[in-house]
Structure formats: C-alpha cells, structure tokens
Amino acid sequence: MKRGVTPKTPKQALTRSCRKQTDLSAWKTSALQTTGCKNGQKPTRDEQQTASDDLDYRQDPLEEALTYLKKAKDRTSPKNEVLQKHLVTVEKIAQEKGLAPEELDILLNIALSGKFAEVVSTRLLKNLVPTSVITEDSVISAVSWLCVGKCSRTTQVLFLKWLIAMFDFIDQKEQVNALYGFFFGFLQDEKLFPFACHVLYLLTRKKNVKPFRVRRLLDLQAKIGAEPPLQALLSLYKNFCPEMVSVTLPTNTKVQFKNSENLWKMAISNIKRRLYGAPHTSQPNVTCPQSRKRKWNTKLVLPVSSAQSSCSPESQRTSPIDLIGHGDTFPVEQLQTFPQLLENIHCLELPSRIGSVLANPLLLHYVNCVSDDSVYRRMYYWMGQTLREECPWHKVENQPFEQEFKDLLRKIFEAECFLQEGFSSCEEFLYRSLPFWDGCSCRSEVLQLVSWIPLSTFSEMKSYLFKPLAQLFFTSSLYFKCSVLECLRELLLNWLNWHIMHTDTTTKSAADLLNTTLSGLVSSVADFIHFVGWLSTVALRLENNSTFLMHFILDFYEIVSDVYLLYNLPLVVMPPAGVFYTALLSMDSVSLDHLCYIMYRYRANLIAAKQNQQAKKMVLQFKFSSQTCQEYNQYITAMVGCLWTSNVFQKDFHHQGIRMGPEVLERTRVKACRKSFNIVYHPALTGYAMLFLQEAQPEDRTPNFQLIQGRRWEWYLEYLYTQELQGLKLFIESSIHRASQSSQAQSSK
C-alpha cells in the first residue's frame, strides 16, 4: 500500500462528509430548546418527544437513511425491516435523482467497510449513481478500505467495475494515479485480474511503465496465456516504452475488456435526461455529468480539476500524495493558447478522458505534431469500444440515444477534417456496421465518416464498404442516392489530396518506393471511378434521368476529369455512355453546360498527358491508353455533331451512341430532325433562342428559329456566352474553333 493512504474507521471516514447531518442535528437541538420554552420554562419530556418526532417527519428521507446506516450496529441482519426500509429509500432516490458527491462518499465508505453483510454492500454499490462529479478523495478513501480486508472478494470486484464505469466522473486523477502500484498488486488475484487490467489501462502514463512491472506482466503472460486484458496493457506499455517490451504483440488483435457499465448505464442516462433535458440542449459545464458512460461524454470536454472547482481550506491543503513528483507534466486543463502549447509540448500529457481530445483544437494540433503511438492506441481503443457499444442499429436499447450518437459521430468527423486523416477504429466500425445499417439512422453523419476512409485495395473495400452501400443505394430514395454520390465524391477528393500531399513531401531517396505504390493507387482509384460510373448509370435509369441526380454525378466527374493535372495522378477515366449521353441530351441547360466544361478539362488533361509521354518525362509518366483517346474522340464527335454541325445521327460511332439510319429518322416524321440538338434547337437551349429572337426582333410575336443563321448565329453565340454558360464557351472555343472560322467564311460569301 502506498504511503499516506491509510484505512479509516467509519467514524473517521465520514467526519468530513457529514456536515449536512451535523448542521441538521444542531438545528434540531436548537429547535428543541426553543419549543415550549416561553417565559424561560423548560420543555417537558412529552413536548421534547413531540418536537423531535415532528422534526424527524420533516427530515429528508435520504438524510434519514444515511444517518441510520452510519449509526446502525455492525452486522445488522439484512432482513431487518428498518434496514430494508432505508435501503429501498436509497435505491429509489439514487435511481430517480442520483447522489451528490457527499452522499456518494458516505455510501462508498459504508459499503466497503464491511459493516453490513455482502448482500447489503452489493445493493449499495449498485446504486452509487452520481448526479455530478465524484471527488478524488472519495475514491482514495474507498480504496483505503480495500487494504483493511473487511469486504469480500465479490464486493471488491463490484467496486472495480464501478470505478471503471465512473472513471470519467472523477474530477481529478493525480492522486488516484499515485495508487497505481496498489492496483497493480490486484493482478495476482484471479477474480480481480481482468478488472485490475482495465483500471491500470485507464491510469497508465509513461512514468508508470517500469522494468519490474514489464517483467511481472510477461511472467503473467507466460503463466496464463495471451489474455485480451493483459495483451491490451502490454500493448500500451510497449507504445510508451518500446525498449522495455521486447516481445512481439499482435497488432491486429482487437483490444477488448469486459463491459463493466451495464449496472449503472440506464440509471445515469435517465437522470441526465431528466435533469438536463434532451442531449442537444445546453448543459452546465461543471455540475452536470459529462457522460452517461465511461468511454463517452457527449460534450467531450476536458476533465475539470477539483482544485479549480473547490476553494475550501480542506481542498487547498497539500496531500502527501501530491508531493510524489507530478511537476514534470503540464496540466491539459490549463492549456488555453497556442503559445502555451509550443512552450509545453515536451511535457504535455493527454488527459485520461482521451475522447476530450476530439473537441480541443490545441490537443488535436499536439496529436498531429507528436509521433506518439500510445496516443493513437488509446484513441483506437476508446473510439472502437464506444462506437461498437453505442451504435443504435447494433443494440436496440441504444435507439433512444440516437441523438447523442449523432453528436459523437459529428465530433469524430470534425476531428478527421482537422487532422486531414481518418481514424482506423472508425474505418473498422464502418466495415462491420454498414451491412446492418438501414440507411436512415444517423445518415448524414455515417456518410461523412465514409468520406474519410483511407485508401486500400479496391477488392477489399468493395466487399466491406461498396457492396452494402450499393444495396442501400438502389433501394433508397433519390435524396439518399444524391447523398451517397456526394459522399463518394468527397472520398475521392480526400484520396487525391492525400496523394498530392505525399508526393510533394517525398524525397528522391523515396522515389522508388513511391513508384511501387503508385501503380496500386492508380488501379484502386480507377476501379473506384468505374464503380461510381456503374452506380450513376443505374441510378439515372431508376430515377428517370433526374436532373437533380445528374448535378451530383457531374460534380463527381468534374474532379475525375482533372485528376492528371490538378492531383498529379497519372490516370484519365472517361464517364460511361449512360452518363455522357444523358447529360448531352438533357433538357437542363446547367447539366449541358457542366458537361461541356468537363469535356474541356478532359481535353486539357489528355493533351498534357500525351505531351509528357512524347517528351519521355520521368515525372507523371504512364502508359497512354489508346482506348481512352478513342472514347474521348467518339464523345467529342457526338458533341460537335449535336451542338454545331448537326450530323450526330450520321457521325456518332460510339457503340452506345445515338447514330440512326435515314429510314429510322424518316419514321419519326420530325421535320428537320438533323438539327434537333444544335445550339438553337437543343431542348436545353431553346429558351435562350426565344429570348434572343425577342430582343433581336421584338415586333415578331411568333419566334422563327430558322432566322438564327449566318451572322445571327454568331450573335446568338455571343448572347449565350453572356448568360453565364462558361462551360459551353470553353468547349466551343477549344474544340470547335476551326469550325467556327469556316462557318464565318461561308456566311460572308
């Protein structure tokens, strides 16, 4: 046992925490003295008894119960009616309203002092539900009772479970960490072993990793085998001090501890909702519980130091445990500015509540700058366990807390955006949960997290991610389809940004390594683009070529068209015919203009790629695909034939194009069908043509599109440019420039 931590008798342990009862007794005595004492007369015994009964009646039931439990004789029979009455009172109030810090301190000491039978202590521990924080002194006082050995092994196990579940409620943990050696001794006990490992995992800091402790853990591993709790603790030790742990530990093993929170989970959640309303409402900063469970608090704030929240003389006294060197670290709750972070980055230690890092930009800067595997290990465990246990579509009992889960996912997404990197535990959660996802619960938050999944082999991602996503995609609403396409667009953009960032920071010595991984990257991105093209084609058929859906599809291909020039990735992938021709023949001018801009960017990328190939440049060199060029030329021929030369039905040679023979066109009985899709008669541009004729010939009430030819054709073209159709302008000027000059020459003749 650590020096300075001594067991307390019940009277000593409760003296400091019973001021309410002391004040109440003084008030009661004063009241008794004044009752019936008019004119200096002393009250009779009957009057005193009546006044006492009246005050007892008005006494708070919980205070009455606590007073009885303190004064009751040792080993009172569990069947005692008065004892049962007060236990029921404690249980009812604890489950409905929760317990204040002083009340928790009293009941903890009573439960662990061995004063009552084990069944009574168990009932008390199961109802220790806080309404606010748990003081550090209460935990230390409770631990001191374990040294006396009066409570049973079952009670000790239940106390460790309670400590794990309530870890985030403890206001300060410096002195609790000083008891690290005491908890380490519990590893020798078979029943306490898994829970002691969990407590040590939560308390471990770099200063706690010592050679003798590493040797003890390795001896335990050789004796009992690779138990998951022991593997988790060894992994944390190795992250802090890899030179001390020489054994190889499996990196892909999931870190799992037994769930120790079910006994108190629902009670804490109910109290929190009743006291502070819905999860999204504002809550007090200090007095409200920061979490309904240990691993997750919805506000994700740093633990509040008890030194900051208490100004009593007792709290300002120096404890012997405080003198055990803690001055080598900078308290994270005092970190307020970026200069503070720079000055103390060498001595900064992340809080035990690792989830609070997500909502603190300064700590996220620290995580981004410091290469400390222990930070990611702790975040991996906390996030993986929390997402797995709180997922509302995994467990039915979590559905009432969906809003809280949304808030958590939103915080994780914001942290990923800040770090420009996804969390591996979040990736694993999505891979495991998407096959069971209904597409409705936390929709926007889940899709946002999908956009930060790191790039890997497409075959692996297809089975775990894209296949379940496609099943939901085809059976859901138009809005869901658009949300998925937007998510996949962001996913591609994040991959490309990651690639260009690593390309810029790569040295010459790492060039060979980059080339070996570049082919895999190109292959995965190409397969991903083809997959999105397949999704888009099928979705357009299912949604009757929705214009709203087309906007999201073209946004995706706008990024694809510039992959080579903007993102330094040697890849050019054309959109599928089902997307291209649907956009080309669309009745929406925005879609047509967007397609023109995309084809303009494809042209610029293909020209640059061909020039680099001819110059035999080592940078951004790739084998030029003749099939890609052929497909691009077919698309350009179709666009020029539609918008300019009016011969698309004769010149479109794409196997999925709109080429038609003369006999088929005659059967349509459409006059001048050859011109049906040029810039005058195209369904997306006829409105502009009518407005142009109204301005050119305001006296003619019936518009005659045949008048737009010769010089008026050029005037109409300039009119289109003034209507913010910049994509159409860039496409015509880059791809139909010569045809424009020849038409001008013919019109002048």
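Rings of Phe, Tyr and Trp, with Trp represented by its six-membered ring, count as a pair if their centres lie within 6.5 Å. By that rule, the structure holds 28 aromatic pairs. Please keep in mind that this is a predicted model. The protein has 37 helices and zero strands, and 51% of its 749 residues count as buried. Among contacts with a separation of 6 or more, 75% join residues 24 or more positions apart.

**Aromatic pairs**

- A pair of aromatic rings is described by the distance of the centres and the angle of the planes.
- Tyr581 and Tyr635 make an edge-to-face pair, with 6.2 Å centre to centre and 85 degrees between the planes.
- Tyr581 belongs to helix α29 (residues 577-584) and Tyr635 to helix α31 (residues 626-645), so this pair ties together parts that are 54 residues apart in sequence.
- Both Tyr581 and Tyr635 are buried.
- Elsewhere, ring pairs link a cluster made up of Phe458, Phe466, Phe473, Phe474, Trp495, Phe528, Phe531, Trp534, Phe556 and Tyr557.

**Helices α4 and α5**

- Helix α4 (residues 61-71) and helix α5 (residues 81-96) have axes that come within 9 Å and cross at roughly 130 degrees.
- The two helices, α4 and α5, are therefore oblique to each other.
- The crossing in which α4 passes α5 is left-handed.
- On the α4 side, the contact is made by Pro61, Leu62, Glu64, Ala65, Tyr68 and Leu69; α5 contributes Val82, Leu83, Lys85, His86, Leu87, Thr89, Val90 and Ile93.
- Sorted by class, the contact of α4 with α5 comprises 10 nonpolar, two polar and two charged residues.

**Helices α14 and α20**

- The axes of helix α14 (residues 228-240) and helix α20 (residues 373-390) come within 8 Å, crossing at roughly 155 degrees.
- Because angles over 145 degrees count as roughly antiparallel, α14 is roughly antiparallel to α20.
- This crossing of α14 and α20 is left-handed.
- Ser235, Leu236, Asn239 and Phe240 of α14 meet Asp373, Ser374, Arg377 and Arg378 of α20.
- The contact of α14 with α20 divides into two nonpolar, three polar and three charged residues.

**Phe423, a loop residue**

- Phe423 sits in the loop between α21 (402-419) and α22 (424-433).
- With 10% relative accessibility, Phe423 counts as buried.
- Not counting residues up to four places away in sequence, Phe423 touches Leu358, Met379, Met383, Ile412, Ala415 and Glu416.
- Phe423 and Leu449 are 26 residues apart along the chain, and their C-alpha atoms are separated by 9.4 Å.

**Two asparagines with positive phi**

- Most residues other than glycine have a negative phi.
- Asn544, in the loop between α26 (511-542) and α27 (547-561), has a positive phi near 55 degrees.
- Asn544 counts as exposed, at 67% relative accessibility.
- Asn568 also has a positive phi near 55 degrees, and this residue lies in the loop between α28 (563-567) and α29.
- Asn568 is partly exposed, with a relative accessible area of 21%.

Methods
Residues are numbered from 1 along each chain as its sequence is written. This is a predicted model: local features need pLDDT of at least 70, side-chain atom pairs count only at pLDDT 80 or more; totals for chains, interfaces and linings use all residues. Side-chain values use heavy atoms; hydrogens and water are left out. Axes are lines fitted to C-alpha atoms, for helices over the stretch in contact, and angles run from 0 to 180 degrees between N-to-C directions. Helices (H or I, at least four residues) and strands (E, at least two) are DSSP runs, numbered from the N terminus. Angles under 35 degrees count as roughly parallel, over 145 as roughly antiparallel, 65 to 115 as roughly perpendicular and the rest as oblique. A crossing is left-handed if the near helix is turned anticlockwise from the far one by less than a right angle, and right-handed if clockwise. Contact means heavy atoms within 4.5 Å. Ala, Val, Leu, Ile, Met, Phe, Trp, Tyr, Cys and Pro count as nonpolar, Asp, Glu, Lys and Arg as charged, and the others, Gly among them, as polar. Rings of Phe, Tyr and Trp (its six-membered ring) pair if their centres lie within 6.5 Å; planes under 30 degrees apart count as stacked, over 60 as edge-to-face and the rest as tilted. Buried means under 20% relative accessible area, exposed over 50%, partly exposed in between (1.4 Å probe, protein chains only).
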